[in-house]
Amino acid sequence: MFLSTSSCTTSSAVKQPKVFFSFRRSPRRSDEALCTGTEGRRGVWDAQVMGSTEYTKMAVNSTNDRTWSGCAVLFLRCCNPGSDLLTFYKDKHGKFSMFKVIKLTLTDVAGGLDGYEILKLHDADPFLGVELKFMDALPCKRFLDSYACGSLLQFLSQHASRLLTLPDEVAMEAVLKAGTHILDHDLKNTDLCLQHIYQSQPVRLRDDEVTQLEQQLQNSYAPPAQTPQEVPKNCFLFQKRVFDDRPLTSADQQRFAAHVGRDWKRVGRALQKNCRALKGTAIDNLAYEYEREGLYEQAYQLLGRFIQSEGRSARLGRLISALEESKLTNMAEIMLDIQPRE
């Protein structure tokens, strides 16, 4: 059995009411919920809390003057001797694992990733302080309900046992405050707790350390970077396929002229970046000089000028790159004689 804030001896600064809960163990959630924001499988909890927990609109209706937001501080500690959450937080290698435990626990109890954020982790010896900002009343209510029924401590214990190598079902203790109010005294009145959280506005932006831990957590779920495909010498890559990078021929010139149509100028401007003969007004001069002969001759002369100027450096790969830059993928497939997919 887990106890809420009375699971073990609490510091004399805060005296907590004794509230007992019983529950069935929940299936363990997948870590990937941190990236997808999905709820996954929720635990089934048998909790009995005296008083009404019906969510009324009082907390929201009283905040019409601004968007709903509020701040609360969750104080956590492990009751087992020799198992100190602060020690993990202060450890260079344990800090990230401790942050991941907290993040997974919050994702479980708030129903996803939206509507709240961690602003700061701090040393509140013997507790680890977690400053939270809520941007929506609904995730805040879910959090309060989970805290009141004991499921937050259960999730925290499960994740800590798995990621911090602590004993299974290790006993945890928590204290929840909003400003000067200790919310553990008012858990039977959800609306009052929401009001206290709403009235406690954050006084800081998210701590740089938390930002770095969040980024590290996202990176840990990112798919591994794919090793770039090695391209043999005198070859080039197009649509993940390797082609011989041979010099352009008169046959290429004819095929290009027959299919490129009005887009020949776009290809010319892409080629002129690395071809001196096509710079300046060269392309416009070609258009004027061969206007009577039509688009075929204009395109033919363009590629001819490129081949004549660049010699053996006028290769197929350069033309394909120019076609890709001009967003003429279909034309590139024609030049490479790639048959269209059925």
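Phe75 stands opposite Val175, a residue of strand S4. Residues are numbered from 1 along each chain as its sequence is written, and side-chain values use heavy atoms, with hydrogens and water left out.

Now look at the strands around that pair. Strand S1 (residues 70-78) and strand S4 (residues 172-178) pair in the antiparallel sense over six bridges. Strands here are DSSP runs of E with at least two residues, helices are runs of H or I with at least four, and both are numbered from the N terminus. Two strands count as paired if DSSP finds at least two bridges between them.

Helix H6 (residues 151-163) packs on the sheet and touches S1 and S4. Its direction makes about 130° with that of S4. Helix H7 (residues 190-199) also packs there, touching S1, strand S3 (127-134), S4 and S5, and its direction makes about 105° with that of S1. Contact means heavy atoms within 4.5 Å; axes are lines fitted to C-alpha atoms, for helices over the stretch in contact, and angles run from 0 to 180 degrees between N-to-C directions.

So what's the whole sheet like? Five strands make an open, antiparallel sheet in the order S2-S3-S1-S4-S5. Strand S2 (116-124) and strand S5 (181-182) stand at the edges with a single partner strand each, so one side of each has no neighbour in the sheet.

A few backbone details are worth a look. In the loop between S2 and S3 you'll find Pro126, joined to Asp125 by a cis peptide bond with omega about 10°. Asn234 isn't a glycine, yet its phi is positive, near 65°. Asn234 lies in the loop between helix H8 (208-221) and strand S6 (235-238), and it counts as exposed because its relative accessibility is 52% (buried is under 20% relative accessible area, exposed over 50%, partly exposed in between, with a 1.4 Å probe and protein chains only). Asp337, in the segment after helix H14 (329-335), is another non-glycine with positive phi, about 60°.

Finally, how confident is the predictor? The protein chain averages a pLDDT of 81, and 78% of the residues score at least 70; pLDDT is the predictor's confidence in each residue, from 0 to 100. Over residues 1-33 pLDDT stays under 50, and over residues 35-65 it is below 50. Where pLDDT is low, the predicted coordinates should not be read in detail.

Technical notes
This is a predicted model: local features need pLDDT of at least 70, side-chain atom pairs count only at pLDDT 80 or more; totals for chains, interfaces and linings use all residues.
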